[in-house]
Amino acid sequence: MQPRNMSMSGVVDLAAVKAAQEAKAKAEQTRAETARQGGAGAVSPADLVIDVDEAGFEREVLQRSAEVPVVIDFWAEWCQPCKQLSPVLERLAVEYNGRFLLAKIDVDANQMLMQQFGVQGIPAVFAVVAGQALPLFQGAAGEAQIRQTLDQLVQVAEERFGLTGLTVDADAEPGAAEAAAAEPVGPHDALLEAAVRALDAGDFGGAVQAYRNVLADDPGNSEAKLGLAQAELLQRVGGMDPQQVRKDAADQPENAEAQIAAADLDLVGGHVEDAFGRLIDTVRRTAGDDRDAVRLRLLELFEVVGPDDPRVAAARRALARALF
């Protein structure tokens, strides 16, 4: 099996401006938080190569791709070319010192991920940058070609998305960064209570600001993330004319903005699957910035409903099929 063209040309075209701006903002916030904690976010070299399955894909690949490019190595135990390629990728992940994260996916155990990425044969290597999936190459490529591709990838990730990678500390214990991130940065009960009171009073703007204040100090606070997503949704819907929004959506099925507004109304009205289905259908019908705007709103609505809801899991699978 010969490797495909490994050029990174066209990567910038695949990444929408809005996604880049949000990725930059999140990367800057992560770096600021790491600096504030005195470098608590450092990882060990062993943490630069991880095994990923379907259950952990969102957390380990999609979410982390907002702070570091994630290179995905699709492999299997029976695949002889994989046994040649995987050790090279693992060595380069350590050598590049945190400029990318290597995620290894066993296709035998994760058939759904293989299908979602459209993998036709292995080894196959992809990258995910700020939630954007990019095919890199297929087959056991030479090390010089791999290095060239990785150099282009990290350059695009830094220049386009502001992703400078992870801080690596050779003395750090494996998994220390994840353990530290799981610990609360500090008590935010007062701010969270203020946000809830603002929601109860219909002060959605005040609730949004209160949740953002929590996340400024503790970006990983799950309660604040959920609350912010809910407050922003209620704030958006509060100024709508529902009848006009429904009419616009019915009259303009190709209009991303109209479908996004209608999906917000669907969700507030308790029609979760309708909201998700509307946006997934719109992803299929649109392209470019419109498509990315719809995808991002769908991800925001996933936050509102909650990652453990089975409807979210089903919609994520449908979104992946629509995208890939």
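Glu-158 is partly exposed in this predicted model, at 38% relative accessibility; the class lies between buried, under 20% relative accessible area, and exposed, over 50% (1.4 Å probe, protein chains only). Residues are numbered from 1 along each chain as its sequence is written. Local features need pLDDT of at least 70 and side-chain atom pairs count only at pLDDT 80 or more, while totals for chains, interfaces and linings use all residues, and side-chain values use heavy atoms, leaving out hydrogens and water.

Glu-158 forms a salt bridge with Arg-99 (3.6 Å, N to O), the term meaning a side-chain nitrogen of Lys or Arg within 4 Å of a carboxyl oxygen of Asp or Glu. Arg-99 lies in the loop between helix H4 (80-95) and E3, and Glu-158 in helix H6 (residues 143-161), so the pair ties together parts 59 residues apart in sequence. Helices (H or I, at least four residues) and strands (E, at least two) are DSSP runs, numbered from the N terminus. Arg-99 is also partly exposed, with a relative accessible area of 36%.

The structure holds 22 salt bridges. In one of them, Lys-104 pairs with Asp-73, with the closest N and O atoms 3.4 Å apart. Lys-104 belongs to strand E3 (residues 101-106) and Asp-73 to strand E2 (residues 70-75), so this pair ties together parts 31 residues apart in sequence. Both Lys-104 and Asp-73 are buried.

Another salt bridge joins Arg-285 and Glu-254 (4.0 Å, N to O). Arg-285 is in helix H13 (residues 272-285) and Glu-254 in the loop between helix H11 (242-251) and H12.
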